[in-house]
Amino acid sequence: MSSDFESYEQDFAVLTADITGRIGRVPKLLGDEKKQMVANIEKQLEEARELLEQMELEVREIPPQSRGMYSSRMRSYKQEMGKLEADFKRSRIAYSDEVRNELLGDDGNSSENQRAHLLDNTERLERSSRRLEAGYQIAVETEQIGQEMLENLSHDREKIQRARERLRETDANLGKSSRILTGMLRRIIQNRILIVVLAVFVILTTAVAIFFSIHRR
């Protein structure tokens with residue numbers, strides 16, 4: 001399940017980075033090109049929302065003991081999605097103001113607007129860079145966790161193998177002890193039979209001796 005989540009996670013990172021770049025380009029475009037860009041961003045935002053839904057479904061399938069890390073990442077992605085939507089909303093508002101100004105023939109404060117747009121674009125690029133760095137860090141941490149789990153599994157396998165060897169040795173010792181006890185019981189039974197035979201022989205010999213001594217008299 002975690003592999004599917006990480007696949008969606010990578011798709012989300014690539015998609016949000018592309019959306020961030022496109023939002024920054026909106027103020028620089030004009031006319032139909034700008035309208036088309038706005039429509040494309042809306043479609044991409046919808047795709048990003050669908051990816052978040054798929055990621056949430058994957059998190060629900062992860063065992064509770066491992067779910068905490070993924071839930072924390074989901075909260076971060078939702079916050080990121082909210083920032084993207086807010087940036088896009090501001091961009092659309094600016095786009096609407098520009099359309100209105102074009103219709104009214106108002107070109108005032110254009111240099112200030114351009115400066116503000118450049119600052120917004122710089123901030124978006126910085127946020128995008130931070131998200132990519134965070135995604136890379138998460139990937140590195142996930143790899144480290146995987147390596148630690150593999151090492152733990154290797155140690156556990158060695159312990160199990162040693163336990164099996166001890167069980168085999170114990171079984172062998174029990175087999176030897178069983179054979180020794182069986183031999184001892186066999187000798188005890190043989191000795192008892194021999195004693196019984198000797199006792200019967202002595203009794204018979206004594207009875208015969210008594211019988212002959214009586215008849216001689």
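How many helices and how many strands does the protein chain have? Select the whole chain of this predicted model: four helices and zero strands are present. Followed along the sequence, the elements give the pattern α-α-α-α.

Keep the whole chain selected and display its surface. The accessible surface comes to about 16,300 Å², and carbon and sulfur atoms hold 56% of that area. Of the 217 residues, 22% count as buried. Among the contacts with a separation of 6 or more, 77% are made by residues 24 or more positions apart.

Next, colour the chain by pLDDT. The mean for the protein chain is 79, and 79% of the residues reach 70 or more. Select residues 31–61, which form helix H2; here confidence is highest, at a mean of 90. Then select residues 110–216, helix H4, where confidence is lowest, at a mean of 76.

Is Val59 buried or exposed? Its relative accessibility is 7%, so Val59 counts as buried, the cut-off being under 20%.

With Val59 still selected, show the residues around it. Leaving out residues up to four places away in sequence, Val59 touches Phe5, Arg67, Tyr70, Ser71 and Met74. Finally, select Met74 together with Val59: the two are 15 residues apart along the chain, and their C-alpha atoms are separated by 8.6 Å.

Terms used
Residues numbered from 1 in each chain as written. Predicted model: local features only at pLDDT ≥ 70, side-chain atom pairs only at ≥ 80, totals over all residues. Heavy atoms only, no water. Helix = DSSP H or I, 4+ residues; strand = E, 2+ residues; numbered from the N terminus. Buried < 20%, exposed > 50% of the residue type's maximum accessible area, 1.4 Å probe, protein only. Contact = heavy atoms within 4.5 Å. Areas by Shrake-Rupley, 256 points an atom, 1.4 Å probe, with all protein chains shown as cover. pLDDT = per-residue confidence, 0-100.
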